[in-house]
Amino acid sequence: MFFKTPPASRRLSKIQIALLFAAYRALFSCPTNSIGAEKKNDLYKKSLDSFPYLMEENIYHNGFHSESSFGATSYFIKDENGNYLIDSPRFFNRLVSKINDLGGLKQILLTHKDDVADSGKFCDEFNCPAHIHEDDFSSTKHAYATIWRGSKEIWYNNEMKIIPVPGHTKGSVVFLYKDTYLFTGDHLCWSQSLGQLIAFKNACWYDFDVQTKSMESLLDYNFTYILPGHGTPYKATNVDEMKRELEKCVKWMKA
Ligand SMILES: [Zn+2]
């Protein structure tokens, strides 16, 4: 798909500029590079430079989704104890240089085997480890991958908890950061069409009943913001609202 870049001589309204900026951002998030722009103007370069862009507090959206992760969204966390990638974007020199500007990478945390993408190249570039649950380990092909074991939650550090949620894949995990943000991979997201939280019933590679139990176990945790690999993020106004939505999702999964 190509969209036409307006001629430089044409003055654009603020709304037109915002729409064009959003269109360019979609271009840089396209996993197959199948969206193209006819001409590369300043706005094109500005939107390219906007990745990774700050979503919330110290959490960034990477853009540059990888075809090998089925176009999954990955995130960057700028943290004083060392920066994280949550799942992996496409390895792209401009993105690497922006990550360097933000202080580099200390670790890569992978929610599951589908979203490994170019994590090996990022490990090589930043000399950092990537972590994945042992039940999804065989699909990581690079030497730096280390593993988590078992079905119990573990504290990765004071702010990051790793919670195994088998179901979508056997080794799926979610990451709870600062008791607020839940990075869910392909376990849980908001559905715009259904207007509720969902799991992917038709894209469950291990066991949907097991995934339903994993979903129910998340009711024991407090968080307000879901940041998925696929699907729409969801931000609740408070913990109680999130629990109500999660309960609705569990009920929907059991129906
Ligand atoms: Zn997946």
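**A walk through the predicted model**

Good morning. With 29 C-beta neighbours inside 10 Å, Ser-74 counts as buried; a residue is buried if 20 or more other C-beta atoms, placed from the backbone, lie within 10 Å of its own. Residues are numbered from 1 along each chain as its sequence is written. The model is predicted: local features need pLDDT of at least 70, side-chain atom pairs count only at pLDDT 80 or more, and totals for chains, interfaces and linings use all residues.

Where is Ser-74 found? Ser-74 sits in the loop between strand E4 (59-61) and strand E5 (75-77). Helices (H or I, at least four residues) and strands (E, at least two) are DSSP runs, numbered from the N terminus. Setting aside neighbours within four places in sequence, the contacts of Ser-74 are Asn-62, Leu-85, Ile-86, Asp-87, Ser-88 and Pro-89, a contact being two C-beta atoms, placed from the backbone, within 7 Å. Between the C-alpha atoms of Ser-74 and Ser-88 there are 5.5 Å, although 14 residues separate the two along the chain.

I turn to the sheet. Seven strands form an open sheet in the order E3-E4-E5-E6-E7-E8-E9, and the pairing is mixed; two strands pair if DSSP finds at least two bridges between them. Strand E3 (53-56) and strand E9 (145-148) stand at the edges with a single partner strand each, so one side of each has no neighbour in the sheet. Within the sheet, E7 (residues 107-109) and E8 (residues 130-133) pair in the parallel sense over two bridges, and Leu-109 stands opposite His-131 in E8. Helix H4 (residues 119-126) lies across strand E6 (84-86), E7 and E8, running at about 165° to E7. Axes are lines fitted to C-alpha atoms, for helices over the stretch in contact, and angles run from 0 to 180 degrees between N-to-C directions.

Next, the core. The largest nonpolar core has 48 residues, and Ile-86 and Phe-175 are among those with the most contacts inside it. Such a core is a set of buried Ala, Val, Leu, Ile, Met, Phe, Trp, Tyr and Cys residues joined through C-beta atoms within 7 Å. Strand E12 (residues 173-177) gives the largest share, five residues. Beyond four places in sequence, Phe-175 is in contact with Ile-86, Leu-109, Met-160, Ile-162 and Phe-183.

Finally, two helices. H5 (residues 208-217) and H6 (residues 239-254) pack at about 165°, their axes 9 Å apart. They are therefore roughly antiparallel, the word for angles over 145 degrees. Thank you.

Note on methods: Buried ≥ 20, exposed ≤ 12 C-beta atoms within 10 Å, placed from the backbone. Parallel < 35°, antiparallel > 145°, perpendicular 65-115°, else oblique.
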